Amino acid sequence: MFPRVIQSNFVPSNTPVSASAIQNLKTFIETTKNLLVLTGAGISTPSGIPDYRSEGVGLYARSTNRPVLYQDFLKSAHIRQRYWARNYVGWPRFSSVLPNAAHYILSKWEKSGKIHWLVTQNVDALHLKAGTKLLTELHGSAHRVECLGCKQVFPRTRMQDLLSADNPDWQATSIDMAPDGDVQLTREQEKGFQVSSCTSCGGILKPQIIFFGDNVARPVVQSVYDQLEQCDGVLVVGSSLQVYSGYRFILAAKQAKKPVAIVNIGETRADRLVDLKVNGSCVDVLSQVDSIQ
């Protein structure tokens, strides 16, 4: 029995999935010998991490807060101050989020040999926490920090220590949280926050994630194409596929005549392309599929 961690305030409203839809998905998974799984924000909303686009409950629907753009982060010390102040406040909560049953079920399927490879668009490291090993973090991980100067990479926990040391008297709180751990702070709250620099070269420090306006590195994209070539089917879990970085792999799968199934609440960009669509909660659907003997 897997832990059913569900924060329903971030999960869009949905209706129960029919038994026939569950059986169809079970058949799809059983007839696929080397499955590639692509996950998105919808698999993590039941754990308490909001997504960006869901109607009524996504970040864009609840807040005027918007993700930092890559070029703005590079060019503006003020933007970097705002980003790291908010991320510093949000980190304790974001880093403590736990996987839910859907993460654990996919990890179980990997161990049984059913899943050939898993690609996630999420930066929350919940698949790693659940034990998944055959994994590509397509958009990086908020749990790592990189120096844009000397290119060293270190754990986000160390960045928290650096920021704490540089801001011994600074305090702020927020109850909001974004999919990357960012929170909402006022300009007044951000004042006086000191941004830590690389201790080796003095360079700019950035979370090792793909910001909006940046591109996934070509070697990472190619590695996913290589894994896709070796699979005989694709399962999308919790993604609307609105971002091209993930959608392109569905286009490639269909061009190669590989079957594709989607589990997601609401419409996706690929609904007209796929062989099977199950409109429902990732946790509920995968739990039901996994329970069928």
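**Sheet and nonpolar cores of the predicted model**

Strands β7 (residues 233-237) and β8 (residues 260-264) pair in the parallel sense over four bridges, where pairing requires at least two DSSP bridges between two strands. Helices (H or I, at least four residues) and strands (E, at least two) are DSSP runs numbered from the N terminus. V234 has V260 as its bridge partner in β8. The model is predicted, with local features needing pLDDT of at least 70 and side-chain atom pairs counting only at pLDDT 80 or more, while totals for chains, interfaces and linings use all residues. Residues are numbered from 1 along each chain as its sequence is written, and side-chain values use heavy atoms, with hydrogens and water left out.

Six strands form an open sheet with parallel pairing, in the order β3-β2-β1-β7-β8-β9. β3 (135-137) and β9 (276-279) are the edge strands, each with a single partner strand, so one side of each has no neighbour in the sheet. From one strand to the next, the twist averages 15°. Helix α5 (residues 101-111) lies across β1 (35-39), β2 (115-120) and β7, and runs at about 145° to β2 (angles run from 0 to 180 degrees between N-to-C directions, with axes fitted to C-alpha atoms, for helices over the stretch in contact; contact means heavy atoms within 4.5 Å).

A nonpolar core is a set of buried Ala, Val, Leu, Ile, Met, Phe, Trp, Tyr and Cys residues joined through side-chain atoms within 4.5 Å; buried means under 20% relative accessible area (1.4 Å probe, protein chains only). The largest such core has 30 residues, and those with the most contacts inside it are Y83, W84, M159, W170, F193, L205 and F211. Two or more residues each come from α3 (70-75), α4 (77-95), β4 (140-147), α7 (156-166) and β6 (205-209). The most are given by α4, with eight residues. A second, separate core of 28 residues includes I29, I43, L106 and L135.

Terms used
Buried < 20%, exposed > 50% of the residue type's maximum accessible area, 1.4 Å probe, protein only.
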